Structures are given as structure tokens and as C-alpha cells.
Amino acid sequence: MMMAAARKATNWFAIGITAAAVVIVLVVGGVVWFANSQATSAGTLPQSSAVNTDTGAIAVGSGAKTVDTYVDFMCPICNSFEQSYGPTIQQLVDDGTITLNIHPISILDRSSQGTQYSTRSASAAYCVAVDNPANVQAFVKAMYAQQPTEGTSGLDNATIASIATSAGASDAVTSCINDGTYEKYVTAMTRQTPIQSGASGVSTPTIVVNGTLLTNKTDLTGDPQKDIVARLNG
């Protein structure tokens, strides 16, 4: 079946990030490590009923069980995860099984020609959540639908704002996006992303199912029933 072929072809391990006292970029075995000496202050907090400002999670749904997704909007593997697992996760939200906690993070700014697309787009997700959290999922899906290729400058702020308003957000998000209101917060929350077993830094996507941190290389096979649903019912 095509799913079996997809499992062989998909490499769910994307990128790594570690912290140190100076800025370092090092490529080893396809994993990118970097450290940033910038201050760790969270800056402006996204005040919304759906946002846990301590963890950066944007909550969707109200189920007793949880699925947490840590994603970078520039990450093609995150997009692949959305296409493969998104419909099942959406069904689990809709039937009241789970609360989906979306964590927009930023580890691929190096891949957007200096425009900091990952940070800007993650900040925009919080702008949407603060404006009206009901529009977050539509915004996320639309951002993946227009995902830029790694190594390009990414989408400009005007395009991101247009995507946000098309997803239902009010015009107020435009100034929030242009001002980069939550960019510092994104940086702080990215540092809190859990590290997968065997990894030396943050990977995208990072998935936590009902409190269990998955390892992309071994736990994400492309089968959402096995990887997500079975763990929720286990």
C-alpha cells in the first residue's frame, strides 16, 4: 500500500537547537545546532483564554486527554505531519477526546535569508490566538497550505496578515504581526521545547501524546491510529 512506502520515505527528525553562552552554528550529520546569547525574557505575553503563557500552548478543544504539537511553520516535516496526522487529530478534537495544544516555535530562522520567518510566523499565530482563538486552526492549516520553501525569504508580514484575516481574524492582527509583538515570547518558549530521546536539541515536529514524549525516528510511522490513537487508549 502507499502508506507503507510513505513510512519508509518519511524522515520525521528535522532539526536541533541547543543553548550556550555564545552564538554557534554547527552542522553534524544533518542536524543543525545553534545557541543564542540573547536575553531569555519572554517579553509581551499573549493574553488569551486559549494560551497557557507558562508553556506557550494554544489550546484547541476541551477533551480530557492531550496531544501537544511543537511546530515551526518553515519546517516541511511539520507540514507532512499535518497532512498525515491532522485529520485524525481534528476528529479527536471534534469528538471531545482530546485537547490539542499547539506550540508555535522557531528553529529555522537560519533558512529564511535573514527575515526570521519562523519567528515572525509563530508570533503571528499568537496574534491570531489573542484576537480570537477559534481561528487558530484555520490559520495553521492555511499557513501550511502556503508554506514557503526552506532557503527562501518566506512570506512577508502583509501576506501572513492576509492569511490570518482570511482565516477569520480581525484587522487588528495586522499591527500585531507587523510589530512582531510576540517574537521575544516565541524565542523564550522555543527553549522550553522537550528534547526527544537520543537527540541533542529541539526537533520539529515534537509530539507529546497524553504526557508521553514521542521520538520521531521510532514513534512516528505515518499511521495516526497506531502512533496517536492507540497511545491515547493505552
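Predicted model: local features only at pLDDT ≥ 70, side-chain atom pairs only at ≥ 80, totals over all residues.
The chain contains 9 helices and 8 strands. Of its 234 residues, 50% count as buried. Among contacts in the chain with a separation of 6 or more, 70% are between residues 24 or more positions apart.

A search of the whole structure returned 1 disulfide. It is formed by C127 and C176, whose sulfur atoms lie 2.0 Å apart. The bond links distant parts of the chain, with C127 in helix α3 (residues 117-131) and C176 in helix α6 (residues 173-179). The two cysteines are 49 residues apart. The torsion about their S-S bond is about -80 degrees, so the disulfide is left-handed. Both C127 and C176 are buried. Two further cysteines, C75 and C78, were also examined for burial. C75 has a relative accessibility of 1% and therefore counts as buried. C78 is likewise buried, with a relative accessible area of 1%.

Helix packing was then considered for two pairs. Two packed helices are described by the angle between their axes and the distance between the axes. In the pair formed by α3 and helix α7 (residues 183-190), the angle is about 100 degrees and the axes are 8 Å apart. Helix α3 is therefore roughly perpendicular to α7. On the α3 side, the contact is made by T119, R120, A122, S123 and Y126. The residues that meet them from α7 are E183, Y185, V186 and M189. By residue class, the contact of α3 with α7 comprises 5 nonpolar, 2 polar and 2 charged residues.

The second pair consists of helix α4 (residues 136-145) and helix α5 (residues 157-166). These helices pack at an angle of about 135 degrees, and their axes are 8 Å apart. The crossing of α4 past α5 is right-handed. F139, A142 and M143 are the α4 residues in the contact, and they meet I160, I163 and A164 of α5. The residues of this contact divide into 6 nonpolar, no polar and no charged.

Helix α5 also holds N157. With a relative accessibility of 19%, N157 counts as buried, because the cut-off is under 20%. Beyond its neighbours within four places in sequence, N157 is in contact with R120, I177 and N178. The C-alpha atoms of N157 and N178 are 6.1 Å apart in space, whereas the two residues are 21 residues apart in sequence. R120 is also one of the α3 residues that meet α7.

Several backbone features occur in loops. T204 and P205 are joined by a cis peptide bond, with omega about -5 degrees. P205 lies in the loop between α7 and β7 (206-209). Positive phi values occur at two residues other than glycine, Q113 and Q116. For Q113, phi is about 55 degrees. This residue lies in the loop between β6 (98-104) and α3. Q113 has a relative accessibility of 59% and so counts as exposed. For Q116, phi is near 55 degrees. Q116 is also placed in the loop between β6 and α3. Its relative accessible area is 42%, which means that Q116 is partly exposed.

Technical notes. Residues numbered from 1 in each chain as written. Heavy atoms only, no water. Axes fitted to C-alpha atoms, helices over the stretch in contact; angles between N-to-C directions. Helix = DSSP H or I, 4+ residues; strand = E, 2+ residues; numbered from the N terminus. Left-handed = near helix turned anticlockwise from the far one by under 90°. Contact = heavy atoms within 4.5 Å. Nonpolar A, V, L, I, M, F, W, Y, C, P; charged D, E, K, R; others polar. Disulfide = S-S within 2.5 Å. Buried < 20%, exposed > 50% of the residue type's maximum accessible area, 1.4 Å probe, protein only. Parallel < 35°, antiparallel > 145°, perpendicular 65-115°, else oblique.
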